[in-house]
Amino acid sequence: KYSSLNLDIKTVYAGGKHYIPVDLEASNIAGTKIFDYDEAFEAQFDDYFRLDGRLYLKVNLQKFHVELAFDVQNLTKNKNVFLQTYNAESNRLVYDYQLGLFYVFFIRFQF
């Protein structure tokens, strides 16, 4: 019988995604999203950053092993932009963000 208690930490840091900006004035007149292709991919979202952690216990038995784990994703609660949309009612840009702080508990049996 063999057991281990482990702690893993993972971080991701990447430059922000480039995007095509919305022309708010033209969008307001049209009542729908109009892109400003003259400025295509010059604009960039903020840099992406995420820190994840995992604490897990692994128990190896003769015929199988068991792993109990607790994952915490985005420990810093960083708001990473996923996408930008246009709200025609308010004539404003609205941002959707990637997953915030997220917990995962799991148990795995391997034979």
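The structure is a predicted model.

**Overall fold**

The secondary structure of the chain consists of 1 helix and 8 strands. Along the sequence, these elements follow the pattern β-β-α-β-β-β-β-β-β. The radius of gyration is 22 Å, well over the 13 Å that the globule rule gives for 111 residues, so the chain is more spread out than a compact globule. Taken along the principal axes, the C-alpha atoms fill a box of roughly 70 × 25 × 25 Å. Of the 111 residues in the chain, 21% are buried. Among contacts with a separation of 6 or more, 62% are between residues 24 or more positions apart.

Four strands make up an open sheet: it contains 4 strands in the order 1-4-5-8, with antiparallel pairing. Strand 1 (2-14) and strand 8 are the edge strands, each of which pairs on one side only. From one strand to the next, the twist averages 15 degrees. Strands of a sheet pair through backbone hydrogen bonds, either parallel or antiparallel.

| Strands | Sense | Bridges |
|---|---|---|
| strand 1 and strand 4 | antiparallel | 13 bridges |
| strand 4 and strand 5 | antiparallel | 8 bridges |
| strand 5 and strand 8 | antiparallel | 9 bridges |

Individual bridge partners can be named for each pairing. T11 has L51 in strand 4 as its bridge partner. K58 is partnered by E67 in strand 5, and A69 by F106 in strand 8. Strand 4 and strand 5 also form a hairpin, with 4 residues between them.

**Surroundings of L68**

L68 is located in strand 5. Apart from neighbours within four places in sequence, L68 is in contact with L55, Y56, L57, F106 and I107. One of these residues, L57, is 11 residues from L68 in sequence, and the C-alpha atoms of the two are 5.3 Å apart in space. Another residue in the list, F106, is the bridge partner of A69 in strand 8.

**Aromatic pairs**

A pair of aromatic rings is described by the distance of the centres and the angle of the planes. The structure holds 8 aromatic pairs. One of them joins F45 and Y95 in an edge-to-face arrangement, with 6.4 Å centre to centre and 85 degrees between the planes. F45 lies in the loop between strand 3 (43-44) and strand 4 (48-60), while Y95 lies in strand 7 (residues 92-97), so the pair ties together parts that are 50 residues apart in sequence. F45 has a relative accessible area of 9% and is therefore buried. Y95, at 33% relative accessibility, counts as partly exposed.

A second example is the pair of F64 and F109, which is tilted: the centres are 6.4 Å apart, and the planes are 50 degrees apart. This pair links distant parts of the chain, with F64 in the loop between strand 4 and strand 5 (65-73) and F109 in strand 8 (residues 102-110), 45 residues apart. F64 is partly exposed, with a relative accessible area of 27%. F109 is likewise partly exposed, with a relative accessible area of 46%.

Ring pairs also build a cluster, which links Y19, F45 and Y95. The edge-to-face pair of F45 and Y95 thus falls within this cluster.

**Charges over rings**

R54 lies over the face of Y56, at 5.5 Å from the ring centre. Y56 is also among the residues in contact with L68. The charged end of K79 sits over the ring of Y97, 4.5 Å from the centre of that ring.

Conventions: Residues numbered from 1 in each chain as written. Predicted model: local features only at pLDDT ≥ 70, side-chain atom pairs only at ≥ 80, totals over all residues. Heavy atoms only, no water. Phe/Tyr/Trp six-rings, centres within 6.5 Å; stacked < 30°, edge-to-face > 60°. Helix = DSSP H or I, 4+ residues; strand = E, 2+ residues; numbered from the N terminus. Buried < 20%, exposed > 50% of the residue type's maximum accessible area, 1.4 Å probe, protein only. Lys NZ or Arg CZ within 6 Å of the ring centre and 35° of its normal. Pairing = 2+ DSSP bridges. Axes fitted to C-alpha atoms, helices over the stretch in contact; angles between N-to-C directions. Rg over C-alpha atoms; globule rule 2.2 N^0.38 Å. Contact = heavy atoms within 4.5 Å.
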